[in-house]
Amino acid sequence: MTRFSALSILRQALAGNSGWTPQWPESQPKAEYDVVIVGAGGHGLACAYYLAKEHGITNVAVIDKGWLGGGNTGRNTTIIRSNYLYDESARLYDHAVDLWENLSQDLNYNVMYSRRGVMMLAHNVHDVQSFQRHIHSNRLNGVDNRWLTPAEAKAYCPPLSLNPNARYPVMGAALQQRAGTARHDAVAWGYARAAAARGVDIIQNCAVTAIRRGADGAVTGVETAKGFIRAKKVAVSAAGNTSVVLDSAGLRMPLESFPLQALVSEPIKPVFPCVVMSNTVHAYISQSDKGELVIGSGTDQYVSYSQRGGLPLIEHTVAAICEIFPIFTRMRMLRKWGGIVDVTPDRSPILGKLPVKGLYVNCGWGTGGFKATPGAGHLLAWTVAKDEPHPINAPFTLERFTTGRLIDEAAAAAVAH
Ligand SMILES: Cc1cc2nc3c(=O)[nH]c(=O)nc-3n(C[C@H](O)[C@H](O)[C@H](O)COP(=O)(O)OP(=O)(O)OC[C@H]3O[C@@H](n4cnc5c(N)ncnc54)[C@H](O)[C@@H]3O)c2cc1C
């Protein structure tokens, strides 16, 4: 594998960029692996990387029905933050933010992690109280988050309108300075490249059609479009398709799958220095390195696997953006798309062992799992390797939906769903 460095880039430039080799090989499935991971999104690929790097388990296949990173990993608006309410969530998301800090160096691949700050706008008294409660809770957990007055919010993000007659006036904001964005494709590619370099097989265009169990109930492998693959350990990290995949193992998951949409504008020069989220008016916005405004919308209110989503949601989001940022009123939108997000009843993920020997799951990240990519992969790898959860993901069990130990983060999720 070519190591990226200033010198290697210079050498390639002088050679007319003719010497770059593929970043990972096109693998065909072997008959058996120690671990099979279903889903080559960021989470599945990160799990494979940490299995190889930290646990020495390299006889691993990551299998995807499409191309790697073609699911929600390549469709999201890339917001990274850890300002969730509960202690369990703060530990989980901050673990991921810690890993983001040095991810480019670790992978030798520039994931463009940008700590530009995420500002969450408050539009009414209840918003103010809710965000201040989050700030107090975050601080107790060592997670940075602070309150900004409307004037301070405007100073941080100059395009923001403070029109007092707006339907949803800005009454202040919570700012997590350490939060920001990263380049989503690069995250998938970086993990894929680094995992493959350690011996992991990445098998694309190969749907897993069923999980097989033996007479004792334990996992024996997966049926795929390219035949049966034996494995004593199978980790499912298939986002919106998780419930379908696990149904084949006889498990009914507490998940609903909804389309979530995003859109981008025509590119403009840099005008938007941070990420702004408004949960109340249902819009969030940042500016990409290409200059496009990246805008997140809401989920459709019905279950679907269409990866598209309805137009009314987009209209609603764009109207909200125009109200908060009138400066953007005359901009053109370039394109929109959707992804299928997997939503749990308490809006927190399920990450751990399942009640089937050899079967593990990482799902339920809903509208907010990109930020968790390194952490989720790291913790899933630990759980698979040791056959027990890491203390950080131990509370995020499937069983909490029967015991009632919920971790209700609906108010911290950016998108009401
Ligand atoms: C529009 C949108 C905006 C978002 N914005 C944000 C944001 O700003 N911040 C944030 O933190 N999160 C955001 N999210 C959520 C985030 O994208 C996801 O939670 C995260 O990317 C999930 O990663 P993953 O690797 O688990 O899933 P995915 O990237 O979806 O990977 C799952 C993979 O499983 C594969 N698969 C499914 N079924 C099978 C099968 N039967 N056989 C083989 N492979 C299979 C799929 O092809 C897919 O590649 C957003 C999501 C969307 C859709």
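Which domains does the domain assignment of the chain give? There are two entries, with bounds that come from an automatic or database domain assignment:

| Domain | Residues |
|---|---|
| domain 1 | 6-14 + 27-109 + 183-254 + 346-403 |
| domain 2 | 118-179 + 257-343 |

A quick word on what you're looking at: this is a predicted model, where local features need pLDDT of at least 70, side-chain atom pairs count only at pLDDT 80 or more, and totals for chains, interfaces and linings use all residues. Residues are numbered from 1 along each chain as its sequence is written.

Taken over C-alpha atoms, the centres of domain 1 and domain 2 are 28 Å apart. Where they meet, 25 residues of domain 1 are in contact with 27 residues of domain 2 (in contact means C-beta atoms, placed from the backbone, within 7 Å). On the domain 1 side, two or more residues each come from strand 3 (79-80), helix 3 (87-101) and helix 8 (242-247). Helices (H or I, at least four residues) and strands (E, at least two) are DSSP runs, numbered from the N terminus. Helix 3 gives the largest share of that side, 4 residues.

Helix 3 also packs against helix 10 (residues 373-386), at an angle of about 105° and with axes 7 Å apart. Axes are lines fitted to C-alpha atoms, for helices over the stretch in contact, and angles run from 0 to 180 degrees between N-to-C directions. So the two helices are roughly perpendicular (65 to 115 degrees). Here L92, H95, A96, L99 and W100 of helix 3 meet T373, P374, G375 and H378 of helix 10.

Note on methods
Contact = placed C-beta atoms within 7 Å. Parallel < 35°, antiparallel > 145°, perpendicular 65-115°, else oblique.
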